[in-house]
Amino acid sequence: MSGNGVNQDLSKFCYSSDMNESNDLDDEPRDLDLSSLTFDEFAAFFFAREVAPDDEQYGYFLTDLQGETYFESVPSSPEVLVNHLTNLFTQFGQIASKYTLAQVDQGVWGMWGVNLRLHELLFGSPVPLTSRLDCIRSMYHVYSDYVSKLEREPDPEIETGFYMWWDLILHGFWDSSRPVIAGTWRGDASKLDAESLVLLDVLFETLTRILAIPNRASQLSALHGLGHLYHPQVHDAVQGFIDTNPAGVSLKWLEQCRDCNVM
């Protein structure tokens, strides 16, 4: 083989290798940018899905409605994403009623679950505090306009999203690795910085509003949330509920919520 022939073959090999490397890079999953979606697309992303079996749930919300899989969720605009959440919660009764309870429950787990963890945007993001507080307050409408209007209570064995809503969010709030509350251990409000104290107060305000809704599923969800809140006024708020609404709910569980040692 002549030298020119060898060079030609090598150039073909290098070109082919470069192409393969380029294709491999193109095949790598991109990051998911939920803030690039319109609001309608954002709502559909969570609710307009087939209900997947439990063993297929991990990573389910890192795949979009067209079947593209993403590496992780990284919003280009956290503020837009928080505003999408606020609008969704404010209109929850109207939007969620278009879907089955199973689809909505699955979507709730998608929002707050291990892969997307959208609650992190409420506590440590560059989003203005007023927007984050508005988002927390808007969660009241999830219960007043949707949960309390359901024809039946969510099944506590399979439709757990609304009951676990606050558990998932508050686990994120009291995460001691969050730089904004460095050195804080779970439940010690005295170690919170000023911004975190404001957030804690608004979480308490929202949960007590939900507790006042005359609907058992909403009240149980609020009580469960209060049991994970560690706000200094939780004891009196839950004790007041115990004193006036004792029937049909385990007193032991209510006392655990009151004392913030609920599971």
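Arg117 lies in the loop that links α5 (101-112) to α6 (120-123), in a predicted model. The chain contains 13 helices and two strands, where helices (H or I, at least four residues) and strands (E, at least two) are DSSP runs numbered from the N terminus. Of its 263 residues, 47% are buried, a term that stands for under 20% relative accessible area, with exposed meaning over 50% and partly exposed the range in between (1.4 Å probe, protein chains only).

Residues are numbered from 1 along each chain as its sequence is written, and side-chain values use heavy atoms, with hydrogens and water left out. Because the model is predicted, local features need pLDDT of at least 70 and side-chain atom pairs count only at pLDDT 80 or more, whereas totals for chains, interfaces and linings use all residues.

**Contacts along the chain**

- Among contacts between residues at least 6 apart in sequence, 69% join residues at least 24 apart; a contact means heavy atoms within 4.5 Å.

**Residues with positive phi**

- Arg117 is not a glycine, yet its phi is positive, at about 50°.
- Arg117 counts as partly exposed because its relative accessibility is 33%.
- Cys260, also a residue other than glycine, has a positive phi near 55°.

**The packing of α9 and α11**

- Helix α9 (residues 161-173) packs with helix α11 (residues 216-226) at an angle of about 20°, and their axes are 8 Å apart. That angle makes α9 roughly parallel to α11.
- Axes are lines fitted to C-alpha atoms, for helices over the stretch in contact, and angles run from 0 to 180 degrees between N-to-C directions.
- Angles under 35 degrees count as roughly parallel, those over 145 as roughly antiparallel, those from 65 to 115 as roughly perpendicular, and the rest as oblique.
- On the α9 side, Phe162, Tyr163, Met164, Trp166, Asp167 and Leu170 take part, and they meet Leu220, Ser221, His224 and Gly225 of α11.
- The residues of this contact comprise six nonpolar, three polar and one charged. Here Ala, Val, Leu, Ile, Met, Phe, Trp, Tyr, Cys and Pro count as nonpolar, Asp, Glu, Lys and Arg as charged, and the others, Gly among them, as polar.

- Leaving aside residues up to four places away in sequence, Cys260 touches Leu226, Gly227, Tyr230 and Val234.
- Although 35 residues separate Cys260 from Gly225 in sequence, their C-alpha atoms are 9.3 Å apart in space.
- The whole structure has zero disulfides, a disulfide being a pair of cysteine sulfur atoms within 2.5 Å.
- The cysteine sulfur closest to that of Cys257 belongs to Cys260, and it is 8.5 Å away, too far for a bond.
- Cys257 is buried, with a relative accessible area of 0%.

**Thr63**

- Thr63 sits in the loop between α2 (39-47) and β2 (70-73), and it counts as buried because its relative accessibility is 19%.
- Apart from residues up to four places away in sequence, Thr63 touches Phe45, Arg49, Glu68 and Thr69.
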